[in-house]
Each structure stands twice: as structure tokens, then as C-alpha cells.
Amino acid sequence: MKTTDTPASVPAGSGASVSKVDVPSAAPAKEKKEGNVLNVFSHGMLVLWAFMVVMPLLWAVMTSFKDDSSIFSSPWALPDKLHFDNWARAWTDANMSDYFLNTILVVGGSLIGTLVLGSMAAYVLARFDFPGNRFIYFLFIGGMSFPIMLALVPLFYVVNNMGLLNTIHGLILVYIAYSLPFTVFFLTAFFRTLPTSVAEAAFVDGASHSRTFFQIMLPMAKPGLISVGIFNFLGQWNQYMLPTVLNTDPDKRVLTQGLVQLAASQGYKGDWSGLFAGLVMAMLPVLAAYIIFQRQVVQGLTAGALK
């Protein structure tokens, strides 16, 4: 028979006291205080960073509505009058409309080509094992570490010998080659996180490799495509060195070349109000693209960590 031992009771009049175990309460309070201090510090740094990023943008927008005299006499003051003629002068007289159209053609064509070719190469490298797989992958990785400045002179002669100098499609091909290494590197890691069971089910149903890629795997990689597309869009939209070397035709200049031309259009005087208006024009598409696709960018960057 199993018996349960009960602790002996202490007589009330014996004078003995039962001691209770004291739970330390100072440690949680100290940790909470340290956490509050850390939160205040991190939020303060975020506010400071946001101020450093937003203020130059707001100052550029504000300056684009001033005249040249107000820009130098009171650079931090609000404009006494909104000079919309700065924008009209930059758009028409400075040929920003032509530069804008050329930039859209070059960046749009190169972005589509980069995403199509980069996603196909990344899918093959991520999903198929064949001799030379890792070697080809590391070739793309090596392309990321190669400075573009070292290739400007031979690149100029190659493009010239191909008859693509001072052409829109020639600049598109160079942009695609310039952006492919990072695109393949980014999308290869992303395709490895996608489930293989979906592709295997498609193969069982009789789908070909191309149909499986374009109709199943590519839509699943939409967050990664948008993320790498935004990065390539930023780099190609702000590219100045490549079009300066490979695109010397005044009628086919892009926005970055047009802004430099606008800054030096009047010699040492310069049309500063028109320059800031053109700068804001060139900045708005980039901000709009990031604001629209910011959720997809975050999903694409965190997909590998979450899976």
C-alpha cells in the first residue's frame, strides 16, 4: 500500500516561523529599463536617418519652385512665389522631354531583358545539376566584382565594331550585360527557396520545362523579380558613365546626360532653377516605383530568411 507523506505541521505556539523563498524582482525591472533605453536610442536613430534622407528631397522640391536669385539669397526659405515656369523651361527648352523618353526606352528595354534572361539562367542554375553548374554560377559572381571602369575602353571598341555605338538598342544590350550578374546571383538564391513539389507535380501532369517555368515557377518568384527589378531600375535609371562613353549623340541622350547639359547650358552662370526642376523630374519616377512596390520589395528580401 502506497502512502503519501505529509509535512509535519508546526505548532502555533512553538515560536518557529516558516521562511518563504524570495523571488528576485529587481532583474525584470532592470531588463525592462534597459529595453526602454534601447528602444529610445533605436527610434532616435531612425528619426535622425529619416530626417537626413527626407530633408534633401524636400529642399530640392522647394528649390525647384524658386528663381535663381532666391536660391542663393535665401536657400532655406520657402519660395515667395511658385515659379512653375522652371518646370516648363526644363521640360521644353532644355529638352528634358526627349531625354525622359530616351531613358524610358533604354531602361524599360534593358529591365525586361535583364529579368527574362536573368530569371531563366537563375532557374537553371538553382534547379538542375549538370557539369559546370557551379563554374557558371561563380562566373556570374565574378562579374559583380569586376569594375565597370576597367571595361570602358574595350567596351567602346566592341560596341563600335558591332555598329551599335550611339544607338538605343546598343545601350540596352550593355545595360543588360551590366545588370545580369547581380540578377542571377539574387534570383538563384530565391529560386532555391521555392518548393520543388509544385514543379514535380507539373512534370507528372505532362508539363514541359518551359511551361513549368513560365506558368508555375515564374509567378511564384514574383516578389523576388520585383525586388531585383527595383534594384536594377535604380541602377540603370541613374547610370551616367556608360551612356556618356557609348552614347555621344545629342539626340539620344538620357536623363543623367541631360541634367549635366542643363547645368552647363549657360556657362558659368547656369540655370539653377531649371536644373532643380529637371532633377525633381528625374527623381519622381524612382520614388513612385519604390512607393508602389515597397511591400513586394520587402517580401522578396525576406523570403529566403522566412523559408
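**View 1. F276, a buried ring in helix α13**. F276 has a relative accessibility of 14% and counts as buried (under 20% relative accessible area; exposed is over 50%, partly exposed in between; 1.4 Å probe, protein chains only). This is a predicted model, in which local features need pLDDT of at least 70 and side-chain atom pairs count only at pLDDT 80 or more, while totals for chains, interfaces and linings use all residues. Residues are numbered from 1 along each chain as its sequence is written, and side-chain values use heavy atoms, with hydrogens and water left out.

**View 2. The rings of W59 and W76**. Rings of Phe, Tyr and Trp (its six-membered ring) pair if their centres lie within 6.5 Å; planes under 30 degrees apart are stacked, over 60 edge-to-face, and the rest tilted. By this rule there are 17 aromatic pairs. One of them joins W59 and W76, tilted at 45° with 5.8 Å between centres. W59 belongs to helix α1 (residues 26–63) and W76 to the loop between α2 (68–73) and α3 (85–93), so the pair ties together parts 17 residues apart in sequence. Helices here are DSSP runs (H or I, at least four residues), numbered from the N terminus. W59 is partly exposed at 24%, and W76 is exposed at 67%.

**View 3. An aromatic cluster**. Look for Y123, F128, F191, F213 and F214, which form one cluster.

Conventions. Helices (H or I, at least four residues) and strands (E, at least two) are DSSP runs, numbered from the N terminus.
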